[in-house]
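Here is a short report on charge pairing and overall build.

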Amino acid sequence: MEDKSYNPFANAQAQFDRVAAIIGLNEATCDLLRQPLREHHVLIPVRMDDGTTKVFKGFRVMHNDARGPAKGGIRFHPQETADTVRALAMWMTWKCAVVDIPLGGGKGGVICDPHNLSETEQERLCRGWIRQLAKEMGPCIDVPAPDVMTNGKHMLWMLDEFETIHGGKYPGFITGKPIEMGGSLGRTEATGFGTIYVLREALKDLGIKPENTSLSIQGFGNVAQYAARMFTKLGGKVVAVSCWDNGEKTSYTYRKKDGLAMDTLAGITDTFGCINKEKAVAAGCEVLPGDAWIEQDVDILMPAALENQITPANVNRISRQVKILLEGANGPTTPDADDTIKERGIFLLPDFLANAGGVTCSYFEQVQSNSNYYWEKEEVLEKLDTKMTSAYRAVRELAQRKNLYMRDAAYVIAINRVAQAVRMRGWV
Ligand code: NAD
């Protein structure tokens with residue numbers, strides 16, 4: 001379970017402050033970059049199917065747009081908080097900068113549980129969120145995308161509402177659209193595949209053959225599933241995955257020591273990334289407690305569910321066999337647990353580098369939508385691989401040259417790029 005004693009925004013600021021001190025940023029630049037430039041809190045009244053009206057709370061935070069229009073997902077989550085959205089918006093700024101795409105950072109959220117909303121209620125919620133924010137966002141201002149518990153269907157309802165309000169066609173307003181409605185081929189796979197492109201490079205540097213490695217993952221949603229598929233394609237073995245079971249209101253880890261079959265597992269998983277327990281047992285999986293994913297004897301650990309999952313309370317349960325921590329989720333490791341990862345010499349692939357494939361492909365989608373010309377899937381994935389590989393190479397090179405932890409090296413590159421944009425615009 002997420003540990004609520006950690007505030008993700010405080011974590012994001014603590015990470016920023018540490019790196020700002022390493023770089024020696026001046027006070028005004030620090031003040032400008034350690035908090036959002038703009039944020040909107042909205043109330044969204046939604047007519048429910050039974051005729052009653054329910055009021056939902058939503059957010060859109062634009063952390064920084066010095067390098068280009070803000071970019072970032074919109075999450076539906078019952079425990080969403082303004083501070084979570086702030087942290088995620090800030091990480092988006094660094095993420096876009098570390099992969100060197102000309103975009104800033106934003107994030108949105110609505111406090112709701114889509115499991116308890118019908119299709120039509122979800123549609124009205126999406127349209128309501130846009131109605132409240134349509135003047136604050138746009139293809140040249142701030143561009144949303146799917147995130148936890150939202151998908152292409154939600155994006156198209158949002159796009160349709162935005163276009164109705166603005167009276168024109170603006171496919172570049174939103175990304176993660178269904179393919180037949182202006183989405184980019186490869187977007188669904190991009191975040192998960194991107195994590196493995198980066199992992200592949202790290203394994204080369206560490207002299208480890210992928211076919212000799214095993215992986216345990218927290219989560220089995222979009223990021224985890226495509227990462228697992230690409231990892232299996234490289235020859236690695238996925239030993240365990242965990243997920244939230246909404247029916248039972250708890251999480252489980254599913255394990256098969258000789259490797260989980262990805263097609264089988266995906267076939268018994270719902271659209272929220274919840275694996276059907278009975279079918280998993282029938283397919284020969286062991287069912288373990290939800291937090292067992294962290295203590296598996298594997299070479300690579302991948303948190304790919306929620307933030308604040310690796311904390312001082314469980315970091316020492318990580319097996320001595322683990323060589324690489326591949327952060328698929330945003331902010332999965334708290335700063336104090338991060339110290340332990342560093343001390344133990346576990347090679348870290350930090351979140352905003354490792355999971356930047358999603359936003360990179362979203363950027364490709366924006367480019368395609370704005371020019372109304374669409375690329376083949378191979379072209380998209382090839383460009384994605386090139387971007388992810390060169391971003392990893394730059395971070396690794398700096399980490400080695402300056403003897404920095406990989407997270408710090410990624411931050412130094414990203415923050416320097418944003419600080420430079422802010423300076424060149426004459427803001428500080
Ligand atoms: P998703 O909704 O598709 O999947 C989330 C998964 O996490 C599901 O399998 C769910 O069952 C599982 N989960 C939820 N609570 C859990 C718990 N307590 N224990 C174990 N499993 C739990 O979400 P996603 O798109 O795969 O995103 C996962 C993470 O990656 C998030 O942190 C998100 O912000 C981040 N991320 C996503 C993208 C993207 O393109 N989808 C891009 C960058 C970062």
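Arg200, Glu201, Lys204, Asp205, Asp385, Arg393 and Arg396 are joined in a network of salt bridges. A salt bridge here is a side-chain nitrogen of Lys or Arg within 4 Å of a carboxyl oxygen of Asp or Glu. The structure holds 37 of them.

This is a predicted model: local features need pLDDT of at least 70, side-chain atom pairs count only at pLDDT 80 or more, and totals for chains, interfaces and linings use all residues. Residues are numbered from 1 along each chain as its sequence is written, and side-chain values use heavy atoms, leaving out hydrogens and water.

| Pair | Closest N and O atoms |
|---|---|
| Arg86 and Asp83 | 2.5 Å |
| Glu189 and Lys377 | 2.7 Å |
| Lys323 and Asp299 | 2.7 Å |

Arg86 and Asp83 sit three residues apart in helix α3 (residues 82-98), so about one helical turn separates them. Helices are DSSP runs of H or I with at least four residues, strands are E runs of at least two, and both are numbered from the N terminus. Arg86 is buried at 18% relative accessibility; Asp83 is partly exposed at 21%. Buried means under 20% relative accessible area, exposed over 50%, and partly exposed in between, with a 1.4 Å probe and protein chains only.

Glu189 is buried at 11%. Lys377 is partly exposed at 32%. Asp299 is buried at 10%, while Lys323 is partly exposed at 36%.

Now the whole chain. The protein chain has 14 helices and twelve strands. Buried residues make up 59% of its 428 residues.
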